[in-house]
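I opened my notebook for a first look at a new structure. Come along and keep the view open while you read.

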Amino acid sequence: QVQLVESGGGLVQAGGSLRLSCAASGRTDSTYAMAWFRQAPGKERDFVAAIGKRGGRTYYTNSVKGRFTISGDNAKNLVYLQMSNLKPEDSAVYSCAASLYSMGTSRNEYSYWGQGTQVAVSS
């Protein structure tokens, strides 16, 4: 069992930057693949980025490539999502997720979820 808590969301103007953090606690002696998803009101929860269990392999959805960077510090049980050149369509609640087995793009591949942190990007 692992608990995830996101932070770092807020209101930012288009073109600005934010860094989201995900802190893991619980059975953090295990290693996890981690991912970020986002969900706008009335929309599906969509994959954003993932990082492998060893922290070396990353994957991004096309709409954020070149703008977002996922990274992690395994020793500190932290995962980050650095977001740059934000656009209004990036506005959503961002959630981090963890899996012992997967580094996929489907939300049902992840067993543990945080509560989410809200990102609002204004024009």
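My entries cover the ground rules, a sheet, the cores and one serine.

**Ground rules.** I am working with a predicted model, where local features need pLDDT of at least 70, side-chain atom pairs count only at pLDDT 80 or more, and totals for chains, interfaces and linings use all residues. I count residues from 1 along each chain as its sequence is written, and side-chain values use heavy atoms, with hydrogens and water left out.

**The sheet.** I took strands as DSSP runs of E with at least two residues, numbered from the N terminus. I call two strands paired if DSSP finds at least two bridges between them. I found an open sheet of 4 strands in the order 1-3-8-7, with antiparallel pairing. Strand 1 and strand 7 are its edges, each pairing on one side only. On average, neighbouring strands of this sheet are turned by 15 degrees against each other, direction ignored; the axes are lines fitted to C-alpha atoms, and angles run from 0 to 180 degrees between N-to-C directions.

**Around strand 8.** I looked up both of these pairings. Strand 3 runs antiparallel to strand 8, joined by 6 bridges. Here Leu20 has Leu81 as its bridge partner, and Leu18 stands opposite Met83. Strand 7 also pairs with strand 8 over 6 bridges, in the antiparallel sense, and Phe68 has Met83 as its bridge partner there. The hairpin of strand 7 and strand 8 has 4 residues between the strands, and in it Asn77 takes a positive phi near 55 degrees.

**The cores.** A nonpolar core here is a set of buried Ala, Val, Leu, Ile, Met, Phe, Trp, Tyr and Cys residues joined through side-chain atoms within 4.5 Å. Buried means under 20% relative accessible area, with a 1.4 Å probe and protein chains only. Which residues have the most contacts inside the largest core? They are Trp36, Leu81, Met83 and Tyr94, in a core of 27 residues. Strand 9 gives the largest share, 4 residues. Apart from this core lies another of 8 residues, among them Phe37 and Phe47. I noted that in soluble globular proteins, nonpolar side chains tend to be buried together.

**Ser95.** Is Ser95 buried or exposed? Ser95 is buried, with a relative accessible area of 2%. I located Ser95 in strand 9. Its side chain makes a polar contact of 3.3 Å with that of Arg45; such a contact is a pair of N or O atoms within 3.5 Å, one able to donate a hydrogen and the other to accept it, and residues adjacent in sequence count only if both atoms are side-chain atoms. Beyond its neighbours within four places in sequence, Ser95 is in contact (heavy atoms within 4.5 Å) with residues including Glu6, Trp36, Phe37 and Trp113.

Key
Buried means under 20% relative accessible area, exposed over 50%, partly exposed in between (1.4 Å probe, protein chains only).
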